[in-house]
Amino acid sequence: MFRYYGYDFKNYAFPFVQRRINHRVQIERLSSISALQEKILREPSVMARLLSDFSINVTEMFRDPSFFKSIRTKVIPLIRDYPSIKIWHVGCSSGEEVYSMAILLHEEGIYDKTRIYATDLNKNILEKAKQGTFPLEEMKLYTKNYIEAGGKQAFSEYYKAIDDKVCFHPFLQKNMIFAQHNVVSDHSFNEFDIIICRNVLIYFNKVLQNDVHQLLYESLSTSGFLGLGKREGVKFTRYEDCYREFDGPERLYQKVK
Amino acid sequence: MRFRTKLYTSIGSLLLFITIIVMILMNMLEQSTVKMNVVINDLNERIEIASTIKDETSLSSNVLNALLNNREAAINMDLTNAWENSNASLQIAIESLEKKDTQEKAQELISKFKSLHESYRNMGEQALMERKINPNAELTPAFLTDLERTSQRMAQMSELLHGIQEQGLKNELLRSKDTYNWAVENIYIYLVIGLIIGISFAIWIIRSISNNLNKVTEVMKQAAASDFDTIPRIEISSKGELSEIAVAFNKMAKALEEHSRNEKQVKEDAEELSWLNRQIAKIATLYTEVENVQMLADMLITKLVPMVGASYGVFYLKEVNKSDQYLTRMSSYASLSTEQERKQFRLGEGLIGQCALLKRPIHLNQVPDDYLKIGSGLGEASPKTIMILPVLFEEQVLAVIEIASFETLTPIQIKLLEKVNNNLGIKINSIINHMKVEQLLQESQALTEELQAQSEELQMQQEELRTTNEKLEEQYEASKQQNFEIHEVSAALEEKAQQLELSSKYKSEFLANMSHELRTPLNSLLILAQILSENGEGNLTYKQQEYIKTINTSGNDLLNLINDILDLAKVESGKLDVIPKEVELNQLRDIIYRQFSHIANKKKVHFSIELDKALPMTFFTDEQRLLQILKNLLANAFKFTESGSVSLQIHSVMKNITRNQGEEQQLERVFAFSVIDTGIGIEKEKQKTIFDAFKQADGTTSRKYGGTGLGLSICRELAQLLGGFIEVTSEIRNGSTFTLYLPNLQMNNKIVDISTARAEAAVSLESNYLVNSNDQVLKEGSMLKHGKSILKNKKILIVDDDIRNVYALTIALENYDMEILVAENGREALEVLKKHPKTDLILMDIMMPEMDGFEAIQHIRKISRFETIPIIALTAKAMKHSREECLEAGASDYISKPINLEQLFSLMQVWLFTKEG
């Protein structure tokens, strides 16, 4: 697969790869993995489907509200006076968290000088993210999250319901840059003050986690902040010593060297 | 001599000397005093006696004179007595004097006096006697003179005696004075002697003491100057206190020496201990940096080996592999060639293994020369000593260290090794434990990550499932709807069944007519177009000819379409009867050949029909239908074949076939009609869909080949009607093979249940429609369904005391067909809710009289029915804190006034959205 399509999943977490492949085998109603392999090599569309299997797009607006609250109350005061702020959202998926961040920064009055770089491996999902429309049914949860994350306005000010979707106000997209980026194979492309890389590393094995951590480390400015997923951490990685636990339970780390 | 004795002796002898002298002097003084007293008493007595003698002499002479001169008797008597007395006393005095004065002169005098006195007395007595006899008689003068002279002489004599005596006293006094002088002299002499003796004694004693003391001091000074290792001893020359001191000093010196030796020993011990501790501390500092056993082994062996002056060292760690225990070489110091040295030992294997087994150090002191070489670039040599130490923890061997040294290991080095070893065991154990803990931590971290990943995947799958579910639901809804419709239709149909049945005859007539009616004008149209296109008169322009050709082909297409629609309609309405009868294959072949040979010729495609020789001549089926299918397939084949060949092969094969609906498949001999062409072929993916209505292999983009897309559908339906099916194999650009499998209907004369076939067809059509147009059509449908329709017919309660607000909101909301309830305050809102339990959403103003928004929300939330009803608080923009209060009170969301209607509708859509919705 790697030779044919150039996608390298060998350092993804093995059980994860196993599950996704089995899942695809099942869906394609195939008998074995080799059958899938054959099919993949013959039909690019199957490959595309498998690729989308590997891209897990579970996200919410203000996912883990306490994380966003911590950013709002603890991180923002430290970076408020920067002349410009660069944020990298690694694995932004359909962009919920990117919009959340934009709202948060807007409410803190620093969105104008901020650039949010949102990247994901999956091109389709990026398209979705660019649109900034999210399903209506999730909005109750998002409203709750918004409030818990310390929202200062009314959440409804930011969106417009169109049929069964809500469309977020375009001004939020003003400083967003969406781009396809593969943390596994691509390199650092800028230096950021905050990097949000939540629930990306969980799909990788230790080797790859370390590589990605290197990428993140190299992309982070001195005393920049790294936000990881609820179940992730820098412990046991090569860069453990380079970070200071800024908010332990929220997995917010500050680069110290 | 003892100092005390000396002192005692000297002072004692001095005292004794003085005492003796004093005693002698006292004695002498006493003697002289006594003597003097005696002498003086004696002399006094003698003087007294002498004076008595003198007095008595004079007295006696007086008395005698008186007596002799006096002649009275009386007086005489007294005088005689006095005389007698004086003589007697004189006698006594002389005698006592005679006794007392032993001097020769005195004795001589006394004896003279005595004789004088004798004569005197005798003369007196004679005189007296004569007086008595002749009282008046006168005494001869001679006598008297004699008498007189005697008495005088006596007086002289007594005077002399007295003088002698006084002279004696005087002599005695002189003598006593002499004695005194002598005594004084003696005292002085003795004093001087005593002084000399005393001083000499003192000098002697002082000198002897100071001498000895000096000696002692000297030695002591030396001792003080010495390092207490060897203290000089005092020679013991004599007995005495100083010798005792010397002895004591010597003892002390000995003790001191011993003490200093001890102290030195202790100091050395302490130094060793401190060295030991330092080294241990050094090793211990290593431990803090250590992260794993390998690191520990490396650091330890590189530190420890030079520390004990060794030049070679290996660290083996015990590893457990299932039941086997190995000592594996982890790290080494100055090891030369790794090939020679073994990497692993079993327990008990070699000295290393043995050491691990024994759990005691093994110390080899005389190592053979060729045992091991330790070398540098310049040379190599064999070590002298090899030490193998087990690292223990709780009696368990964790590792073994082997150390080789050119020197013999000193006890302290060995001690160091042992000490380090002890700590090492603990450390290794703790590292192993720590690593285990770390491992576990990592595992748990990995597990939580894995869990998160799984949960996300699950969430996604759930999401997918939900969407498919929703789709299914929608499909289900749609099919339900359709079912319902079908139901209705079928009901209607049933209602009209009889009419239909009655009218079926008319209908078929109608259809026939219809087709006729349609075909006739079409045909004439086509013919006329044909004629025109030939341009017999040559008055048509090229363009006009083109138009006419188009009319012609379009007309043809229309005609075909009409035919196809009629057929399909017939099939679908079940109005197609299957009339099986004997079909002669030869005849069939001829018919087909006739029909297609000219097309083949026209297209310059080779056409052949092959009949398998093993086939029976006839078989039972509906010939008309069979022909229809084959014609269709062949027409297709020719249509898509530009060059090459088209052939029809008829043979028989064994195939699984379903005779009747619901029956199991049976293996059966069937007829196979294969239409083989060398045309453009069909993509694999399309092979299934080509049978669907209005589908063609090349899709919708190219209309090159024309056709309605209904042909194959009809074929399939017909094949099913005849109890068979069509299979297709094709390769793109290499032609296709359509094979019609048909059972021999003679086998059972049952006519295929047309209605089931119809139903099946209908369902398949339906499902096709659904699947293919799913995405777009359903989306459009749901858009209609959701969107503004979410708001439609919803019951909204507006709670606001400002009637203008209420009015504005009501108007706006009613535009969306919402049902509006109004309450002016919280209390009223509760009442309204009681009356209208099916309220969908509440818009709640906060600042109201009677019962404000907070209170109202709290009250509403207490009612179980309204626990989850969306309540949207209308807050004043200026009051931020009131928002939080709203949420605390239980509001679902808030919107600030003045209300942006668009925002409000968005918000309401969010909160009114339900999946059923």
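**Figure 1. The axes of helix 2 of chain A and helix 4 (residues 44-54) of chain A come within 10 Å of each other and cross at roughly 140°.** Helix 2 of chain A is therefore oblique to helix 4 of chain A; angles under 35 degrees count as roughly parallel, over 145 as roughly antiparallel, 65 to 115 as roughly perpendicular and the rest as oblique. The model is a predicted one, in which local features need pLDDT of at least 70 and side-chain atom pairs count only at pLDDT 80 or more, while totals for chains, interfaces and linings use all residues. Residues are numbered from 1 along each chain as its sequence is written, and chains are lettered from A and ligands numbered from 1 in the order in which they are written. Axes are lines fitted to C-alpha atoms, for helices over the stretch in contact, with angles from 0 to 180 degrees between N-to-C directions. Helices (H or I, at least four residues) and strands (E, at least two) are DSSP runs numbered from the N terminus.

A:Arg20, A:His23 and A:Arg24 of helix 2 of chain A meet A:Arg49, A:Leu50, A:Asp53 and A:Phe54 of helix 4 of chain A. Two residues are in contact if their C-beta atoms, placed from the backbone, lie within 7 Å. By class, this helix contact has two nonpolar, one polar and four charged residues; Ala, Val, Leu, Ile, Met, Phe, Trp, Tyr, Cys and Pro count as nonpolar, Asp, Glu, Lys and Arg as charged, and the others, Gly among them, as polar.

**Figure 2. Helix 17 (residues 826-835) of chain B meets helix 18 (residues 853-862) of chain B, with axes that come within 9 Å and cross at roughly 25°.** On helix 17 of chain B the contact is formed by B:Gly826, B:Ala829, B:Leu830 and B:Leu833, and on helix 18 of chain B by B:Gly853, B:Glu855, B:Ala856, B:His859 and B:Ile860. Five nonpolar, three polar and one charged residue make up this contact of helix 17 with helix 18 of chain B.

**Figure 3. The contact of chain A with chain B takes 33 residues from chain A and 31 residues from chain B.** On the side of chain A that touches chain B, the elements that give two or more residues are helix 2 (14-27), helix 8 (139-148) and strand 4 (159-162) of chain A. Helix 8 of chain A provides the largest share of that side, four residues. The side of chain A that touches chain B comprises 16 nonpolar, six polar and eleven charged residues.

**Figure 4. The largest nonpolar core holds 106 residues, of which A:Ala102, A:Ile195, B:Met844 and B:Ile872 touch the most other members.** Helix 6 (residues 96-107) of chain A contributes the most to this core, seven residues. A nonpolar core is a set of buried Ala, Val, Leu, Ile, Met, Phe, Trp, Tyr and Cys residues joined through C-beta atoms within 7 Å. A residue is buried if 20 or more other C-beta atoms lie within 10 Å of its own, exposed if 12 or fewer, and partly exposed in between, with C-beta atoms placed from the backbone. Neighbours within four places in sequence left aside, B:Met844 is in contact with B:Val799, B:Gly853, B:Ala856, B:Ile857, B:Ile871, B:Ile872, B:Ala873, B:Leu874 and B:Ala891. Another core lies apart from the largest one and has 42 residues, including B:Ile301, B:Val305, B:Ala310 and B:Leu416.

**Figure 5. A:Asn199 and A:Ser223 are two residues of chain A with positive phi that are not glycine.** A:Asn199 has a phi near 55° and lies in the loop between strand 7 (192-197) and helix 9 (206-219) of chain A. A:Asn199 is buried, because 23 other C-beta atoms lie within 10 Å. For A:Ser223, phi is about 55°, and the residue belongs to strand 8 (residues 220-228) of chain A. A:Ser223 is partly exposed, with 14 other C-beta atoms within 10 Å. Of the 257 residues of chain A, 47% count as buried.

**Figure 6. B:Ser376 occupies the loop between strand 5 (374-375) and strand 6 (380-381) of chain B.** B:Ser376 is exposed, as 10 other C-beta atoms lie within 10 Å. B:Ala334 is 42 residues from B:Ser376 in sequence and 8.6 Å from it in space, C-alpha to C-alpha. Of the 917 residues of chain B, 26% count as buried.
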